[in-house]
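Visitor: Hi! Could you walk me through this one while I have it open?
Guide: Happy to. Let's bring it up.

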Amino acid sequence: MPGTDGEAQVTIGRGAIYLPAALVARYFAGIEGVILLWREERIVIMPVRHLAGGGYLLKLRNSRGDRVVQAADFFLDHGIDGETERQPAASWRTDWAGLVLDSAN
């Protein structure tokens, strides 16, 4: 995956964002939720420490520790095709404090 360790890829499809365990361990260790932002035609996934303030759950997907963010409403609100499966380039941007998914649309 461009911009990360090359071990795993983020997948968008069926109204969700699928995050592999290696990526979760690297950038979202101990995090139970995220905020999604639409910025400069990219999806930004930012970790959230306290879900009481809002955000999306990082739901456990399988025994490997892969996670899924159910975000059909986010895709709809921003006119993003969240149904067609694809694997956008992903990289951590410190200046944006989050994981950035390129070519999200």
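Guide: This is a predicted model. A place to begin: Arg93 lies over the face of Trp96, at 4.0 Å from the ring centre.

Visitor: Nice. How many aromatic pairs does the structure hold?
Guide: The structure holds 3 aromatic pairs. In one of them, the rings of Tyr27 and Trp92 have centres 5.0 Å apart and planes at 5°, so this pair is stacked.

Visitor: Which parts does that pair tie together?
Guide: Tyr27 belongs to helix α1 (residues 21-27) and Trp92 to strand β8 (residues 90-93), so the pair links parts that are 65 residues apart in sequence. Ring pairs also join Tyr27, Phe28 and Trp92 into a cluster.

Visitor: And is Tyr27 buried or exposed?
Guide: Tyr27 counts as buried, at 16% relative accessibility, while Trp92 is partly exposed at 25%.

Visitor: What about Phe74 and Phe75?
Guide: They form an edge-to-face pair, 6.1 Å centre to centre with 70° between the planes. Both Phe74 and Phe75 are buried.

Visitor: Switching to the sheet: what's the strand order?
Guide: The order is β1-β2-β7-β6, in an open sheet of 4 strands with antiparallel pairing. β1 (11-13) and β6 (59-60) stand at the edges with a single partner each, so one side of each has no neighbour in the sheet.

Visitor: How many bridges join β2 to β7?
Guide: 4 bridges join β2 (residues 16-19) to β7 (residues 67-70), and Leu19 stands opposite Arg67 in β7.

Visitor: Where is Gly15?
Guide: Gly15 is in the loop between β1 and β2, and is buried with a relative accessible area of 3%. Its contacts include Val69, Phe75 and Gly82.

Key:
Residues are numbered from 1 along each chain as its sequence is written. This is a predicted model: local features need pLDDT of at least 70, side-chain atom pairs count only at pLDDT 80 or more; totals for chains, interfaces and linings use all residues. Side-chain values use heavy atoms; hydrogens and water are left out. Two strands pair if DSSP finds at least two bridges between them. Helices (H or I, at least four residues) and strands (E, at least two) are DSSP runs, numbered from the N terminus. Buried means under 20% relative accessible area, exposed over 50%, partly exposed in between (1.4 Å probe, protein chains only). Contact means heavy atoms within 4.5 Å. Rings of Phe, Tyr and Trp (its six-membered ring) pair if their centres lie within 6.5 Å; planes under 30 degrees apart count as stacked, over 60 as edge-to-face and the rest as tilted. A charge sits over a ring if NZ of Lys or CZ of Arg is within 6 Å of the ring centre and within 35 degrees of the ring normal. Lists of a residue's contacts leave out its neighbours within four places in sequence.
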